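These entries record what I looked up in the structure shown below. I treat it throughout as a predicted model.

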Amino acid sequence: ILQFNTMADFSNAVRELRFGSGIILIVAQDKKELKTILQIRERLADHDVILVLDDSIGDLTDALKLYPRYISYVKDDYTDVYLVLEKMTTKIGNRLTGENHARNH
């Protein structure tokens, strides 16, 4: 798990991810922050994105431009996000295990 506080660091890290090997969890506190993230949406296209949005964002038009696999909202209980992350990591693990098995045979 990596956490980034600047857009430049986040953008560089996404660029280095192998296709389909990462899950990107984005927490957007407001519309301005979401608009900033939209600037690198092309880099996010090959990865599974989970969005956690503040209720104040309201309209999901911009959020959907990131093609998220799941959208949740900032709240006290993140059980839903945990369950989605668990399922997604299992899927990636199975995919990577299958790729390694195929290469070895």
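Entry 1, helix H2. I began with helix H2, residues 31–38, and listed its buried residues: Leu 34, Ile 37 and Leu 38. Viewed down the axis of H2, these buried residues fall within an arc of 105°, so they line one face of the helix. I then looked up what this face packs against: the buried residues of H2 pack against helix H1 (7–16), E1, helix H3 (41–44), E2 and helix H4 (61–64).

Entry 2, start of H2. Here I noted a side-chain oxygen of Asp 30 that comes to within 3.2 Å of the backbone nitrogen of Lys 32.

Entry 3, the sheet. I found three strands in an open sheet, ordered E1-E2-E3, with parallel pairing. Strand E1 (23–28) and strand E3 (70–73) are at the edges with a single partner strand each, so one side of each has no neighbour in the sheet. From one strand to the next, the twist averages 20°. For E1 and strand E2 (residues 48–53), I recorded parallel pairing over six bridges.

How many aromatic pairs does the model contain? The count is one aromatic pair. Phe 4 and Phe 10 form this pair, which is tilted, at 6.2 Å centre to centre and 55° between the planes. I also looked up the accessibility of both residues. Phe 4 is partly exposed, at a relative accessible area of 32%, whereas Phe 10 is buried, at 13%.

Note on methods: Residues numbered from 1 in each chain as written. Predicted model: local features only at pLDDT ≥ 70, side-chain atom pairs only at ≥ 80, totals over all residues. Heavy atoms only, no water. Pairing = 2+ DSSP bridges. Helix = DSSP H or I, 4+ residues; strand = E, 2+ residues; numbered from the N terminus. Axes fitted to C-alpha atoms, helices over the stretch in contact; angles between N-to-C directions. Buried < 20%, exposed > 50% of the residue type's maximum accessible area, 1.4 Å probe, protein only. Arc of directions from axis to C-beta. Contact = heavy atoms within 4.5 Å. Polar contact = N/O pair within 3.5 Å; in protein donor to acceptor, adjacent residues only side chain to side chain. Phe/Tyr/Trp six-rings, centres within 6.5 Å; stacked < 30°, edge-to-face > 60°.
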